[in-house]
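Below are some notes for a colleague opening this entry. They are meant to be read beside the sequence and the 3D view.

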Amino acid sequence: MQFHLNGFHPGDPRFSDPQDAVVVPPIKRPLPECVDVLIVGCGPAGLNLAAQLSQFGDISVAIVDQKDDRLLVGQADGIACRTIEMFQAYGFADQIIQEAYQVSEAAFWKPDANKPHEIARSGKVPDVEDDLSEMPHLIINQARVHDMFLDVMRQGPGKVEPHYQRKLLGLEVDPEGGEYPVTVKLERGVNYSQYSQEIETVKAKYVVGCDGARSSVRSAIGQELVGDALNQAWGVMDVLLNTDFPDIRLKSLIHSNNEGNMLIIPREGGYMARLYIELDKLKENERVARDEMTADVLIAGANRIMQPYTIDVKEVAWWSVYEIGQRITTAFDDSTNDRSARVFLAGDACHTHSPKAGQGLNTSVMDTWNLGWKLAHVLTGLAEEDLLKTYSAERREYGQALIDFDREFSRMFSAKPKSADNPDGVDPAEFQRYFQLFGKYTAGVSIQYKPSIMVSDGQHQHLASGLTVGKRFHSAPVVRHGDAKPVQLGHCHTANGAYRIYAFGGSADAMSDQCGVKALCEFLANDASSPLQQYTPAGADADAVIDVRAVFNQHHQAVETGTIHPVLAPQKGKYGLRDHEKVFCADHRPESSGGGKNVYDMRGINKEQGCIVIVRPDQYVADVLPLDDYASLTAFFNGVLK
């Protein structure tokens, strides 16, 4: 899509008149007295958590923010492949992809060997390696992502709407406080004068602080951010511009000789770009002189760095300055040796870093993507409270890894290029290699959670070598049996809090007496120890907690519908309608017809034996098992569900 041609306008670009894209402010209403979960902060982490919990109509949720209304212009703009996979679970990935700028290549620029005061291109590399994800790396206004989450929240069974103009005043946890042990006091921003102060008190079972780097929730539970400041200042601006710089529509990383460094990120719409411009180094404990900074100062700095090229800025949609620092909180929750956590932290309240690697929003939403379904399982009685301990264990390790990566990335990006006059500088070619080496990290697909009650030790990993235990389920193309439609297998994962069991068939004919998938279905349907029998609530759909699906290596036309086991065609809903979308086959179409990619080959599935792959509600592989290992399958669910 192309838009912003006649100026930057926030909101849905599908409206020809920008005024029509204006969303009516939410109705002012009081907070409830008691809630299951109170979320503080309407940033990406908070909205994602609210969107996920809104899928459960029997969980009461309130989300508050100090702002007056929804975000219109956001700071974060880079959306990693892994994050788009998560958006797919909510159902809005396609719209985001259509609106956004897709990052396909990155261009690297360094001082010209013959004219050191000018820059020259040193190379171009693919931004995302082949088969890293079925989803692209995107650039889009953070506010549009917020809009999508807000829609999911409103449309879900929980019907969650934000409460704006709420300032957190205090938070107390009473271990003996009964059903709602957390008491939160908030000031409603009707009038902040001392004569008309309006105080609201909310009691909650759990509170989640998603309120940014200066988190009041974090302070209230006695935690703090610790780490380093690199004494580097950068300016950032979104601009509509004309330029003779040839790579203005490519992600471009520029090292100049003496004028500093710069990052160009093309923006959605075709005409706008984001510029990250290095400012002067800061002294120890020095802060940016914001009152002396202007957009014109940043534009002039960009033109010095880009010589011999220039930019002619027609409109500045947004600009700011920031100082780089890498910090992580001392703890991700308020748990003690004597009691379980009641207050959690997520997003920038847990970790801060530079924005150039594009990990802020992406890491924040992955925090609450990890936490949300766990809270839902505990609150709905599906799991014991001990499950919540895995949130801090899993996300804190990754948060620290992010800090370490960002520190090195920022150091290399901000350093002067290596030269005869500066032998201790960074070789631009080495920086380019580092960029490519950590492509999986910046794409968000490198996370591997360690063994726990949620992740096995991978004893049978060889049965599915490309679906790594502890990593996210790596999707692949398949053909859906019921309607012969080519689809992505990973798109079965919706944000409904259910586990997935994928049964990959072996060499036996599908649904024959020798078929391991059929035998597994018989166990799941009829054995008293079956997880389906034990953990599916009375009156719930058969796939409400554990969603069983099958994948066969045979051509989809070789599998007869009448032979499919009832476990793979459950009757659901008010009328008991049969679900015909649980069975898939490898894609045997020729390459000329868009096929040629077999899921068994792509993900290392043992074609002779087949296997079971258990996937958590957040799309991470929990275990890989032999098709007939019913004992281990049962043991896994006995360890996480009740």
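1. Among contacts between residues at least 6 apart in sequence, what percentage join residues at least 24 apart? In this chain the figure is 72%, where a contact means heavy atoms within 4.5 Å.

2. The model is predicted: local features need pLDDT of at least 70 and side-chain atom pairs count only at pLDDT 80 or more, while totals for chains, interfaces and linings use all residues. Residues are numbered from 1 along each chain as its sequence is written, and side-chain values use heavy atoms, with hydrogens and water left out.

3. The chain has 14 helices and 26 strands; these are DSSP runs numbered from the N terminus, with helices (H or I) of at least four residues and strands (E) of at least two. Its radius of gyration is 26 Å, close to the 26 Å that the globule rule gives for 642 residues, so the chain is as compact as a globular protein of that length. That radius is taken over C-alpha atoms, and the rule is 2.2 Å times the number of residues to the power 0.38. The C-alpha trace spans about 75 × 70 × 50 Å along its principal axes. Of the 642 residues, 56% are buried (under 20% relative accessible area with a 1.4 Å probe, protein chains only; exposed is over 50%, partly exposed in between).

4. The count of aromatic pairs is 20. Rings of Phe, Tyr and Trp (its six-membered ring) pair if their centres lie within 6.5 Å; planes under 30 degrees apart are stacked, over 60 edge-to-face, and the rest tilted. Phe92 sits in the loop between helix H2 (81-90) and helix H3 (93-99), and Phe149 in helix H4 (residues 142-155), 57 residues apart. Phe92 counts as buried at 6% relative accessibility, and Phe149 does at 0%.

5. Phe344 and Tyr391 are also edge-to-face, because their ring centres are 6.0 Å apart and their planes stand at 80 degrees. Phe344 lies in strand E16 (residues 343-345) and Tyr391 in helix H8 (residues 389-414), so this pair ties together parts 47 residues apart in sequence. Phe344 is buried, with a relative accessible area of 0%, and Tyr391 is buried with 0%.

6. One aromatic cluster is formed by Phe87, Tyr90, Phe92, Phe149 and Trp369.

7. Helix H7 (residues 360-379) has 20 residues and reaches 29 Å from first C-alpha to last, close to the expected 28 Å; the expected span is 1.5 Å times one less than the number of residues. H7 is mostly covered, with 19 of its 20 residues buried. Just after H7, Gly381 takes a positive phi of about 85 degrees.

8. Three strands form an open antiparallel sheet in the order E3-E7-E4; two strands pair if DSSP finds at least two bridges between them. Strand E3 (78-79) and strand E4 (101-103) are the edges, each pairing on one side only. E4 and strand E7 (residues 137-139) share 3 bridges, and Tyr101 stands opposite Ile139 in E7.

9. Strand E18 (residues 477-480) and strand E19 (residues 485-488) pair antiparallel over 4 bridges, with Lys485 in E19 as the bridge partner of Arg480. They form a hairpin with 4 residues between them, and Ala484 in the turn has a positive phi of about 60 degrees.

10. An unreviewed UniProt entry places the feature "domain: Phenol hydroxylase-like C-terminal dimerisation" at residues 447-641. UniProt positions follow the numbering used here, feature names are shortened, and annotations may be inferred rather than shown by experiment. Over residues 447-641 the chain is 16% helix and 19% strand, with the end C-alpha atoms 24 Å apart.
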